[in-house]
Amino acid sequence: MGITNSNKLISSDTVNCGGEFTVSLTLSAAPDIADNPTDIVLILDRSGSMEGEPLEKLKLGVNKFIDIIDEATDSIQDGNLGSGSRMAVVSFSDTASADTQLVTSVSELKAAAEDLTAAGFTNHSDAFSKAFELFDPTSDNAKVMVMFTDGKTTAGAPPSQAAAAAKAAGAVIYAIGLVGNDGIDIAALNDWASDPDASHTAVAPTASDLERIFADLAKNISKPGATDIVIDEILHDNFKLVNVAQPTVGTVSILNSTALRWNIGALGVEGNEGASLQFTVKHVDGSQGLIPVNESVLYSDAEGNTVNFPNPMVEITCDTVVYPEPCPEPISINMEGCSDVAEYSAGDIYLASQGRILQLDLNLSRVCPGRRVALAVILNELDEEGEEHRRGMKVMEIPAHHQSQCADILVRCISFVLPEDSEESVCRCSMCSERNFTVRTICHYIDSGYECCKQQ
């Protein structure tokens, strides 16, 4: 069967600047169908929501699937499955029916699919039961069930028990969902499918994708198990690796802060087998917006399997930083060479006394986009009896940000000059003495959207 599925998932598709998320790589493989005869039951949804284009596209996908398996079993499309493999078609709506038994005739299988018409509700439980009844318990053939559906269960018993019984008896279940009018319950597909879920479940966004999905599945089912697997994962420059867990199969090595290599000696050589790897990624760059997780993911194995992992995107949202008080402009002074003394007028600068500078940073949480904020900062000093003495108040306007959603705004460098020996100073001593202060802040939106009612 070769590589039967590959997937990449991320724990969150929205991350704050400098935040972390987990990446999961999954892979599954199974033996070559030519050397390991397999009984395959196609379980096809023919409920009312499949009427029209979805059903026609499904038939094309099924025909492509049958042709690929036909050639894989005996190296030629001769109209008959070879090497002991067989296939059957089960369809379902209100109830399920075995449209063929397990047969080798390509024409019989295609005719059964072609005769399907759409009507009725969706009974997944009966479909699983009818499909499993077709397997010969005395046969050594591998058992594979391919469930296709475009909707949620609307008739019959809950299907989980029937799917679990089939898996417990040795059947491997793949679940394909089409996003149709009735909607798809992906959690249900994962529940029915064999583990790992990510490598046994696929969702087709449109009916036009069905032919490709069925073809990919058939090609993977017909290839040999993979050996000498090497996966090189290279992150986008905006991210770095912070933690890499041991994979369930194989070994992993960290090449640098943005790259790792996953080596698997053999996968799916003797039976259906899955492997997974998890690692934690941290955003390290000031850039924001929609960023791909990977620069590239490269796969190779001894059998020449072609594997394409998805490249998920992450929305990076960075907090807005505001500096309400710019630093004073520097004054340039030039001292000529061979000169011990230079005189320069620095302009009018008022020096009150020796003192200290207190600089504050404030974080305004969840500020809505497009709205300015009025911010007041009140600084008092505490004397030895705990009485407060006013040291200053600053009022400033924080400009509006234009991110897509409410965000934190970091207000940097709000400075207060604090003399040591002024008339009002609590401690008229040296700069080595301790001084205690309290800070109060008041903030509110300036832009409320309110307008006075106009007289008619």
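1. Arg 435 is buried, at a relative accessible area of 11%. This is a predicted model. Arg 435 pairs with Glu 381 in a salt bridge, and their closest N and O atoms are 2.9 Å apart. The two residues come from distant parts of the chain, 54 residues apart. Glu 381 sits in strand β20 (residues 373-382). Arg 435 sits in the loop between β22 (407-419) and β23. Glu 381 is buried too, because its relative accessibility is 1% and the cut-off for buried is under 20%.

2. A second pair to look at is Glu 388 with Arg 440. Their side chains form a salt bridge at 2.9 Å, N to O. Glu 388 belongs to strand β21 (residues 388-398) and Arg 440 to strand β23, so this bridge ties together parts 52 residues apart in sequence. Is Glu 388 buried or partly exposed? Glu 388 has 34% relative accessibility, so it counts as partly exposed. Arg 440 is also partly exposed, at 41%.

3. Within it, Arg 212 bridges to Asp 209, with the closest N and O atoms 3.9 Å apart. Arg 212 is partly exposed, with a relative accessible area of 45%. As a general point, side chains of opposite charge can pair when their charged atoms come close. How many salt bridges does the structure hold? The count is 14.

4. Now the largest pocket. Its volume is about 770 Å³. The lining has 29 residues, and the closest to the pocket centre are Asn 5, Ser 6, Thr 201, Ala 202 and Asp 216.

5. By class, the lining holds 14 nonpolar, 10 polar and 5 charged residues.

6. Last, Thr 438. This residue lies in strand β23 (residues 436-445). Thr 438 counts as buried because its relative accessibility is 18%, against a cut-off of under 20%. Leaving aside neighbours within four places in sequence, Thr 438 contacts Ile 378, Leu 379, Asn 380, Leu 382 and Glu 388. One of these, Glu 388, also forms the salt bridge with Arg 440.

Key
Residues numbered from 1 in each chain as written. Predicted model: local features only at pLDDT ≥ 70, side-chain atom pairs only at ≥ 80, totals over all residues. Heavy atoms only, no water. Helix = DSSP H or I, 4+ residues; strand = E, 2+ residues; numbered from the N terminus. Buried < 20%, exposed > 50% of the residue type's maximum accessible area, 1.4 Å probe, protein only. Contact = heavy atoms within 4.5 Å. 1 Å grid on protein atoms, 1.4 Å probe; cavity = no way out; pocket = protein on both sides within 12 Å on 5 of 7 lines; lining within 4 Å. Points joined across faces, edges and corners; volume = space filled by probe spheres on them. Nonpolar A, V, L, I, M, F, W, Y, C, P; charged D, E, K, R; others polar. Salt bridge = Lys/Arg side-chain N within 4 Å of Asp/Glu carboxyl O.
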